[in-house]
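Please look through the structure shown here before reading on. The paragraphs after it are meant to be followed with the structure in view.

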Amino acid sequence: MRWVCCLAALVMVLPLAGEVTAQQQELGLRASRGGLPHDHEFALNIAPVREYGQPVIPVFEGWFPNPDGTITLTFEYFNLNSQEPLDVPLGPDNFIEPSEFDGVQPTHFHPAPLCCNRRHLSSFIVTIPGDYTGDVVWTLRSRGQTYSVPGRALHEAYRMDDLEAFTISPVAPELRFDPDPDGPTGRGRAGVTYGPVEATVGVPLPISVWVDPQPAEATRVLGTYEGAQMEPRTTSILVWYHHQGPGTVIFGETETVLEGGAGEVRNTATFSEPGEYLLRVWAIENYRAVDQHCCWSNGYIRVNVGL
């Protein structure tokens, strides 16, 4: 049976035995920063989530137009397990149609966080021509269930802001992985991709990202919807994810806070198996921005891991 969903579904499955690391359990749990209440205080939000044994659901967040006339569709996922990560490799159980857009979606799905409506936001984007008229459909099969979500840019209700908005966090930070100060940078959900870099199984790989919470190219947001004058942005929260690849990835830190303006954030990643990996870092000023759907940035690092 196939279920077509846009936000979430209620699923009741008996728990399975299993364990995950403390790092995986804690990923994204520090949601009280910035005054946002923990979602687990709201019974409706936590109702579908169990510790183990449930599937993962694809979610279409919305779309935004680009200056070049193209349109970007943005997707997230909802792992209905609070303790259990799931792995669904690219292929017949994890695919996007049309196939020309396939391959950018995650294959490793972290447990449901306590923040962010229990979902992992803006996991990836798909960019389509401005005159594209069909749907871009992401399908996931897990635990005997099939879920498909259509991404489309035909409904104004799904239109989103990406780089700047009159919100609690009005500016998407700028990210750069290249050590060259003039290297490529990115902002917003599309962000920037770096690599590949080489790593060895079991040996911590140093990784770092340069972050500017108030990039020079940003148009200064002068006020909020309440009319209050805003100060330059100086803080970013960074959360690291295992996006694609086999085995397990252990980060030195899963969440880091940058304060005081632009700077470099250093971390490590250790891989349990050889293969091709894609890591993701999510940068946001304040978790309260989640409710306002703007503004944050993604960064991706490709890693080739050998023995």
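What follows is a walk from the whole chain to its cores, its sheet and some local details.

This is a predicted model, in which local features need pLDDT of at least 70 and side-chain atom pairs count only at pLDDT 80 or more, while totals for chains, interfaces and linings use all residues. Residues are numbered from 1 along each chain as its sequence is written, and side-chain values use heavy atoms, with hydrogens and water left out.

The protein has two helices and 19 strands, where helices (H or I, at least four residues) and strands (E, at least two) are DSSP runs numbered from the N terminus. Of its 307 residues, 53% count as buried; buried means under 20% relative accessible area, exposed means over 50%, and partly exposed lies in between, with a 1.4 Å probe and protein chains only. The protein exposes about 13600 Å², of which carbon and sulfur atoms supply 54%, the areas coming from the Shrake-Rupley method with a 1.4 Å probe and, for residues, with only the protein chains shown counting as cover. Among contacts (heavy atoms within 4.5 Å) between residues at least 6 apart in sequence, 73% join residues at least 24 apart.

From these totals we can turn to the interior. In soluble globular proteins, nonpolar side chains tend to be buried together. A nonpolar core is here a set of buried Ala, Val, Leu, Ile, Met, Phe, Trp, Tyr and Cys residues joined through side-chain atoms within 4.5 Å. The largest such core has 23 residues, and those with the most contacts inside it are Ile-207, Val-209, Leu-238, Phe-271, Leu-279 and Val-303. The elements that give two or more residues to this core are strands E12 (192–200), E13 (205–212), E14 (236–244), E15 (249–251), E17 (263–271), E18 (275–284) and E19 (296–306). A second, separate core has 22 residues, including Val-56, Phe-60, Leu-86 and Leu-140.

Leaving aside its neighbours within four places in sequence, Val-303 is in contact with Val-197, Ala-199, Leu-205, Phe-271, Gly-275, Glu-276, Tyr-277 and Leu-279.

Next comes the sheet. Strands of a sheet pair through backbone hydrogen bonds, either parallel or antiparallel. For the pairings described here, two strands pair if DSSP finds at least two bridges between them. An open sheet of five strands has the order E12-E19-E18-E14-E16, with mixed pairing. Its edge strands are E12 and E16 (255–258), each of which pairs on one side only. Neighbouring strands of this sheet are turned by 25° against each other on average, direction ignored, where axes are lines fitted to C-alpha atoms, for helices over the stretch in contact, and angles run from 0 to 180 degrees between N-to-C directions.

Strand E14 can be followed residue by residue. E14 is mostly covered, with nine of its nine residues buried. Seven bridges join E14 to E18, and these two strands run antiparallel; four bridges join E14 to E16, which also run antiparallel. On the E18 side, Val-239 has Trp-282 as its bridge partner, and Leu-238 stands opposite Ala-283. Val-239 also stands opposite Glu-255 in E16.

Some details of the backbone deserve a separate look. A cis peptide bond, with omega about 0°, joins Glu-97 and Pro-98, and Pro-98 has its place in the loop between strand E5 (94–97) and strand E6 (108–109). The peptide bond from Gly-195 to Pro-196 is also cis, with omega near 10°, and Pro-196 lies in strand E12. Ser-122, although not a glycine, has a positive phi of about 45°; Ser-122 is found in strand E7 (residues 120–128) and is buried, with a relative accessible area of 0%. Arg-143, likewise not a glycine, has a positive phi of about 55°. Arg-143 is found in the loop between strand E8 (136–142) and strand E9 (145–151), and at 32% relative accessibility Arg-143 counts as partly exposed.

How many disulfides does a search of the whole structure find? The search finds one, a disulfide being a pair of cysteine sulfur atoms within 2.5 Å. The disulfide joins Cys-294 to Cys-295, with an S to S distance of 1.9 Å. The torsion about the S-S bond of Cys-294 and Cys-295 is about 90°, so the disulfide is right-handed. Cys-294 counts as buried at 0% relative accessibility, and Cys-295 is buried with a relative accessible area of 0%.
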